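Below is a short note for someone meeting this structure for the first time. The points are numbered so that each can be checked against the model.

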Amino acid sequence: MTDFLQLVFSGFATGSIYALAALGFTLLWQASGTINFAQGEFVMLPAFMMLAFGAAGLPLPLAFIATCVVAVGVLGWAFKRGIADPLLKHGLMPIVVATIGLAIAARNGIRAGYSAEAHPFPGLFADKLFNVFGVTVTLADVGTLVLALLLVLGTQAFLNKTVTGRAMQAVAQNTESATVLGINVPRMIFYTFAINALLACAAALLITPTYLAKFDMGEGLGNKAFFAAIIGGFNNSRGALLGGILVGVCENLAAAYISPAYKDAVALVIFMAVILFKPQGLLGKKVERKV
Amino acid sequence: MKKLPLISGLVIAAILLAAPPFLKNYGIYLFSYWMVFVIATMGLNLTVGYAGQKSLGHAAFFGIGAYSVAILMQAGHSFWLGLALAVIACFVIGLALGFPALRVQTIYLAFATLGFNTAIWLVMRNEEWLTGGTFGINNIGRPSLFGLNLDGPLAYYYFVLGVTVVMGLVQWKLLSSPWGKAFTALRDNPIRAESLGIHIQGYTLLSFAIGAAYAGVAGALFASLVQFIEPAPFTVGASIMMYLMVVVGGPGYFFGPLLGSAVGVLLPEWLRFAQAWYLFIFGAAVILLMLWLPDGLLSIPARLTAKRQAREASAARAAAAAKVGGAQS
């Protein structure tokens, strides 16, 4: 039983990171219809940026802030202006392929220009163990879970409670009416891209101490985040949280009780089951077909 | 302008027929590799380009084809039995995957197929008794045709080229048949197609299954070409590359796969001079290509025609305006 609880708990910690990456993904989709196949690389790049700033002598908090600034500029603004804006009017296919190209370039650029090895990354939390109801948990797990949850719920609150957040949701739901209402649509879409970049930085900060900084660390993460987003409901950002944690927990349980070799298939099985019975995702809304 | 497609077609045919004998073995191998991918992406083009479905699991069918041949040949059966089984297996699995996938559209379908690819890859990697796991399957033979031995690289290349042409003709026939018309009607406007009495689900499934069968043929040829297979060429990454090839070449253009797989197979080879950076350059090139030509390389002629027509129209307008202006003064 304690084993079980332990597995569930560490699953929650991993899952909350999937949720962070998945949240950015659903935000972009809702606000602008962009599918970013480089979402995993958007987590990998800040990890290396932080390492570079750290190597330049900045302490971790400053390195993180500097990375956030650069990321909003490059992964937010430049990505929107350079790739998303010009390609979106041509439908889904070109943007999917361009972001695939971006992922290939980012991955191999880091490999060729920096290093192919895995680099250790400073942990946010001290090495400390807790004992809760007979379950041993690490401070890193608790901290990751708490921070990730705060970020996801904070983003949620920002979207629902603030004027800017509401305007962003209005843009996502109906761009034309939002324009009529006098909302600055391009700016709201930029905010979404900026938030996506910031969430990616946060995910990098939380995930890299465990998984190490490596040029291909984004590949698996991106896939898991995609599945998490769809399981939860692609057009619902709360779904990202549910999907992420569901995938994280089930993966951990399957690896322990079924077979570690098929751990990566867990996300897929849940995904298949969900789309069979609820194609719009667990929390998603049905989308009407347009004639 | 009208002669351009004919001339470029003849040039390509001449290169494909005449160039390989002058190449070293590696060059011949690359040409064969290219043709294998032409067949695979022809199938994907049917699903993605003509029927408008987002499929990111094509490498799984490619792998099923390759393993069918490898496993059967290892058990002492002929290549041809393996090929037949590859086609049937891919077609049936394509249908089976299509059913749940049909409940979802666009992005959801993309990830359903992507997940399917992951599952197939896991089976290839983990079920050692069947697939050899990460050690793969060695010494896959090459077929013989009507007593002709196809062991040599050049002989095998011409065999693959011949199959490519046959598969191309089949697709050409298919596209000009009512079936093909139904596919494109579906892509352009599913709801209108439905109101015209086209059975959407049936045709979508069919485009999916036929596309999968093409990948099966390509996989069978691939196994015999490289003679050693392991799970690596059949990952999700490979599927994504095939999707990229289709979109870069020009989705919904008959010759799109020919150009697209040249970009995907040959371009990285040309970029080898950049050593460690070659994949970075490749990725950047793909982004630039999409920004410049979002509808793929084969949209260049259509674009030129549109430009010329616009120019002619504005010239005609200017002439008309001059005439009116002249009459007035």
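**Notes on the model**

1. A:Gln156 counts as buried, at 10% relative accessibility; buried means under 20% relative accessible area, exposed over 50%, and partly exposed in between, with a 1.4 Å probe and protein chains only. A:Gln156 sits in helix H5 (residues 139-161) of chain A. Helices (H or I, at least four residues) and strands (E, at least two) are DSSP runs numbered from the N terminus. Once neighbours within four places in sequence are left aside, A:Gln156 is in contact with A:Ser237 and A:Arg238, contact being heavy atoms within 4.5 Å.

2. On the source: this is a predicted model, in which local features need pLDDT of at least 70 and side-chain atom pairs count only at pLDDT 80 or more, while totals for chains, interfaces and linings use all residues. Residues are numbered from 1 along each chain as its sequence is written, chains are lettered from A and ligands numbered from 1 in the order in which they are written, and side-chain values use heavy atoms, with hydrogens and water left out.

3. What is the count of salt bridges between chain B and chain A? The count is 0, a salt bridge being a side-chain nitrogen of Lys or Arg within 4 Å of a carboxyl oxygen of Asp or Glu.

4. Chain B brings 43 residues to the contact and chain A brings 45 residues. On the side of chain B that touches chain A, at least two residues each come from helix H4 (79-102), helix H5 (106-126), helix H9 (190-195), H11 and H13 of chain B. H5(B) gives the most to that side, with 14 residues.

5. H13(B) has 15 residues and reaches 21 Å from its first C-alpha to its last, close to the 21 Å expected at 1.5 Å a residue; the expected span is 1.5 Å times one less than the number of residues. Among the buried residues of H13(B) are B:Tyr278, B:Phe282 and B:Met290. The buried residues of H13(B) pack against helix H3 (60-88) and H4 of chain A, and also against H11 and helix H12 (256-270) of chain B.

6. Over all chains, the structure holds 5 salt bridges. One of them joins A:Arg107 to A:Glu41, with the closest N and O atoms 2.9 Å apart. A:Arg107 lies in helix H4 of chain A and A:Glu41 in helix H2 of chain A, so this pair ties together parts that are 66 residues apart in sequence. A:Arg107 and A:Glu41 are both buried.

7. A second salt bridge joins A:Asp85 to A:Lys80, with the closest N and O atoms 3.2 Å apart.

8. B:Arg308 forms a salt bridge with B:Glu312, the closest N and O atoms being 3.8 Å apart. Both residues lie in helix H14 (residues 300-328) of chain B, 4 residues apart, about one turn of the helix. B:Arg308 is partly exposed, with a relative accessible area of 31%, and B:Glu312 is partly exposed, with 49%.

9. The structure holds 27 aromatic pairs over all chains. Rings of Phe, Tyr and Trp (its six-membered ring) pair if their centres lie within 6.5 Å; planes under 30 degrees apart count as stacked, over 60 as edge-to-face and the rest as tilted. A:Phe48 and A:Tyr114 form an edge-to-face pair, 5.4 Å centre to centre with 80° between the planes. A:Phe48 is buried, with a relative accessible area of 4%, while A:Tyr114 is partly exposed at 41%.
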